Amino acid sequence: MSVRRIYDVIMRRKLRARGVVAGRFFTSESTEAKESKDEVVDITAADEKPLYSEDPLLQKEIEKKRNKSRLNPQHRNVLMDVRPYDAPVDWFHHTVKYKKRMLGRYGLKAIDEPAGFAWPLSKEVEDAQEYERVAFPLSLQERWHMLKEVNRAKAEAVKTREAELTEKVAMMNQWTAELNAKIAKKEAQMEAARLRKERLIEEVRKHFGFKISVHDEKFKTMLAQKEKEEKKKKKEAKKKEKMEKLQSIAQEKAKEASQEQVTDSTKSVN
């Protein structure tokens with residue numbers, strides 16, 4: 001028999017032996033489990049009083065194991081509504097201000113001194129009274145009266161502003177009409193200026209007798225001359241209109257003077 005064959009036979013025997021042992025083990029375990037399930041336990045025979053020890057060290061160890069938050073002790077104390085530190089750690093823990101804060105937040109159990117330390121000293125009371133006298137020189141009634149006056153002035157200012165807005169809203173239609181009239185007048189002036197410009201350009205072209213470019217120097221010179229003549233004519237027309245107005249005013253005054261003379265002469269005769 002070869003070595004390979006001998007090795008296979010030995011390994012098969014080992015595996016078979018392991019299977020037999022495992023079968024016996026699981027069979028015995030299942031049997032024991034079945035027996036334990038069928039076993040009847042007398043509940044009345046159990047001790048109803050739990051084991052409890054008042055040992056401080058044991059209680060401290062139990063509390064330590066119960067704490068699963070991983071917070072610092074002072075942070076956990078704040079979370080549990082207890083003062084952060086059982087003993088002073090920093091310099092400001094000895095100050096009155098800090099102790100007052102602990103007293104206000106956590107009560108008398110958070111301080112190791114009587115509550116009377118929180119009362120101000122005579123010097124502090126005098127300083128507070130002096131501050132009140134300088135910072136608030138008026139009495140409560142005077143300040144209340146001043147506040148009422150301020151509120152009344154604000155209310156009057158609001159009413160005045162509302163009246164102005166109401167008046168301006170009422171004038172909105174008139175202002176819109178005036179604005180539209182100004183815009184129309186401006187557009188009419190621009191249109192008249194454009195037509196005048198075109199008329200002058202056409203007159204200059206007729207003067208040369210042929211179509212000439214508006215960028216030509218001769219055209220520009222003639223156009224400037226035409227514009228100058230146009231301005232001169234307008235100026236003369238305005239002057240003439242002004243003279244006519246003055247003459248009409250003078251005639252009216254002369255007529256009024258003659259009528260007054262006639263009236264005076266009539267009165268003197270009577």
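In the predicted model, D112 and R83 form a salt bridge in which the closest N and O atoms are 3.8 Å apart. This pair connects distant parts of the chain, 29 residues apart: D112 lies in the loop between helix 4 (96-106) and helix 5 (122-135), and R83 in the loop between helix 3 (73-79) and helix 4. D112 is exposed, at 65% relative accessibility, whereas R83 is buried, at 16%.

The structure contains nine salt bridges. Among them are two within helix 5. The side chains of K123 and D127 meet at an N to O distance of 3.8 Å; these residues are four apart in helix 5 and are therefore separated by about one helical turn. K123 is exposed, with a relative accessible area of 54%, and D127 is partly exposed, with 41%. A salt bridge also joins R133 and E130, at 2.4 Å from N to O. Both residues lie in helix 5, three residues apart, or about one turn of the helix. R133 is exposed at 52% relative accessibility, and E130 is partly exposed at 39%. Salt bridges with shared partners also join E149, R152 and E156 into one network.

Two aromatic pairs were found in a search of the whole structure. The ring centres of W91 and F92 are 5.8 Å apart and the ring planes meet at 90°, so this pair is edge-to-face. F92 also pairs edge-to-face with Y98, at 5.7 Å centre to centre and 75° between the planes. These ring pairs link W91, F92 and Y98 into a cluster.

Terms used: Residues numbered from 1 in each chain as written. Predicted model: local features only at pLDDT ≥ 70, side-chain atom pairs only at ≥ 80, totals over all residues. Heavy atoms only, no water. Phe/Tyr/Trp six-rings, centres within 6.5 Å; stacked < 30°, edge-to-face > 60°. Salt bridge = Lys/Arg side-chain N within 4 Å of Asp/Glu carboxyl O. Buried < 20%, exposed > 50% of the residue type's maximum accessible area, 1.4 Å probe, protein only.
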